[in-house]
Amino acid sequence: MRSYLSSYVAKLFAGDLAAFGAPPTDEALAGHIRAEQVSLVLGYSFGIMLANACNALVLAIALWQSPDWAFALVWAAAVGSAALLFGLQARTSRRIAKPQFVSRRTMYRLVRNALALGTAWGIVPVAFFANASSGAQLVITCLCAGMLAGGAFAFSTIPIAAIAYTAPIFVGTAICLGQEGDYVYLLVAVLVVVYGAVLLRGVFAYSFEFRRRIIAQHDAERTVRQDMLTRLPNRIAFNEALDRALNRLSRSGEEFAVLLLDLDRFKEVNERFGHPAGDEFLVQVAARLQRCTRASEHVARIGRDEFALIMSNLTRPEDALAIAERFVAAFSDPFLIERCEVAGGASIGIVLAPRDGNTSPDLLKHADIALSRAKKTGPGSICFFEADDDKAARDRRALQRDLERAIEADELFLLYQPFLDIQQGRITGFEALLRWQHPERGLIPPTVFIPIAEESGLIHPIGEWVIRRACTMLARWPDQVRIAVNFSAVQFQNVGILQTIVQALTEARVAPDRLEIEITESMLISKYGSAPATLNALLDLGLTVALDDFGTGFSSLTYLRKVPFSRIKIDQSFIRDMLSQPDCAAIVKSVIALAKELEIGVVAEGVETVDQLDYLRQTSCDEVQGYLIGRPMSASEISSMLGRNSSVHAA
Ligand code: C2E
Ligand code: CA
Ligand code: CA
């Protein structure tokens, strides 16, 4: 009971309207409301204090002839100078930026000052009314009425302060009027009480309305800065926090770190379980991330599956690393999505300010670069930004710019690497392998520029160019020779590729089954939802499809059932080691046996020695490809090779 009472009194004196029956708020919001109340009062303060000082002066003049003149003078001097002092203080404190939060203690002080001022004016009627001339009595009454109305207006958003200020004046007025004994004065006293009641009612009504408005405004501001799904701060809030951190950096040199976090498995979850489950996954992730941080740090959700944290007041980079490690560890337990256990994972890039930049675009760009290196390093990696990253990124950017005009500049060309049918000893076709002759950097291998083309979308025009070029070659070669073209996962997103293929085949007048598309397993399960649809369309066109680099990816045998591949290509890493490592030999043998069983052709990649070829012949592999049979070669070399095909046959 006592604690309830004391908390009620504390609320009352903190200006909290919950004490007067308004719905309660949390302390943060209450502090924000107090800030608005105080700033409003401070806004009026200077004017009102000036009025106080003038009124004190007026009173001193009115009482000049009264027997109490000496006391009146002392009173007026004290109140007038105190009012001026307060007024000036209020004016300077208003010049400082408006605070977002005001403590209860500040509010107590305000209420106490209101009470002190009210008491000073409450003394006036009690001390001076009886002995004053009737003119001075009129002045006292007017002044008291004016101070009541003005004070109630000034404190209209804080009822407790309004009460603290007006109550002594009411009491003083009532006492002095009552003392007179005259029934007219008694009537005036009753009237004053009625006025007071009306005034306070007005104050309450206004303050409740004020509070409602502040809460609504606060809510609206919060929604703008909050991510609806996870309830975390959103990109807007994050950008503002970053600006504040940069401000503190320039003002007081306070260093900070920005952590950028990207989910490794989000797209997979989304595709496997659908969007609602993806949302549920994000909510669970948000909760775990929040648990890793201190109360003052807020993880923000700044993209679909991207989160960020600003760590302020950073003393050592290790602290940023520690929190990043906590984030990564938070993903060690699987998530429960649609009653399935799903493994999560996150990669994190870290930048330090001012070391890695002191503007928000720089920091964000560098955080992105650090994050992409972390993602490349593997799931669950954490990378700090390094200046070398920036150089590598610039390099890639420059290469991308050059690649943009590589087709027009005729810098791209294809080399062709033969497939040999072991049984017949015949060249059955070629794999088209892309090359880029850079005007300054020389020959650039596809392993360098294909990823850049994929990221930038340049792979689409390049891929189409490869198809057209391959079809032109097919038209020049004998009918029984096929050509295999490598496909990137992103190309499956481009529906236009189908039209290009049809057009190229028709223009070159070659049978569709001579064109083979090589894809890797990762493309089938990958992020690109339309892969199976495009794949089926290719098969419908009559193209053949080979599964490239078999054994290096997920090697899920279900795909062999689902997609009618015409060929499996055993990855070169198995061929290289099969004669020295029994497990590789076992894999090669079983893949060949499996392919035979499923009636799918099988090609061994990367055959470099005669021993390897002999071994593959014994295990009845259909076709081989590799430096032993032929390196990737130019179109003219191919023509002469095909001319010699009969001799190859004999060999
Ligand atoms: P891939 O499809 O696995 O191509 C086989 C790679 O192994 C080629 O490298 C080839 O030159 C190399 N190779 C062939 N025989 C041997 C051998 O006996 N020993 C060794 N050590 N290596 C051998 P390359 O031409 O550098 O191509 C690398 C990768 O670039 C290709 O791997 C393919 O994924 C990609 N690529 C090439 N051309 C294209 C293209 O037009 N489009 C797309 N999307 N990717 C391409
Ligand atoms: Ca290939
Ligand atoms: Ca391959």
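Is Arg 265 buried, partly exposed or exposed? Arg 265 counts as partly exposed, because its relative accessibility is 26%. That value comes from a predicted model.

**Arg 265 and its partner**

Arg 265 pairs with Glu 268 in a salt bridge. Their closest N and O atoms lie 3.1 Å apart. Glu 268 is partly exposed, since its relative accessible area is 39%. The limits for this class are 20% and 50%.

| Arg | Glu | N to O distance |
|---|---|---|
| Arg 248 | Glu 254 | 3.2 Å |
| Arg 265 | Glu 268 | 3.1 Å |
| Arg 294 | Glu 297 | 2.5 Å |

**Arg 248 and Glu 254**

Here the two side chains meet in a salt bridge. Arg 248 has 25% relative accessibility, so Arg 248 counts as partly exposed. Glu 254 has 19% relative accessibility, so Glu 254 counts as buried. Buried means under 20%.

**Arg 294 and Glu 297**

Arg 294 forms a salt bridge with Glu 297. The closest N and O atoms of this pair are 2.5 Å apart. How accessible is Glu 297? Glu 297 has a relative accessible area of 5%, so Glu 297 is buried.

**A network, and the count**

Which residues are linked in a network of salt bridges? They are Glu 431, Glu 518, Lys 569 and Glu 605. How many salt bridges does the count give? The count comes to 29 salt bridges.

Notes. Residues are numbered from 1 along each chain as its sequence is written. Chains are lettered from A and ligands numbered from 1 in the order in which they are written. This is a predicted model: local features need pLDDT of at least 70, side-chain atom pairs count only at pLDDT 80 or more; totals for chains, interfaces and linings use all residues. Side-chain values use heavy atoms; hydrogens and water are left out. A salt bridge is a side-chain nitrogen of Lys or Arg within 4 Å of a carboxyl oxygen of Asp or Glu. Buried means under 20% relative accessible area, exposed over 50%, partly exposed in between (1.4 Å probe, protein chains only).
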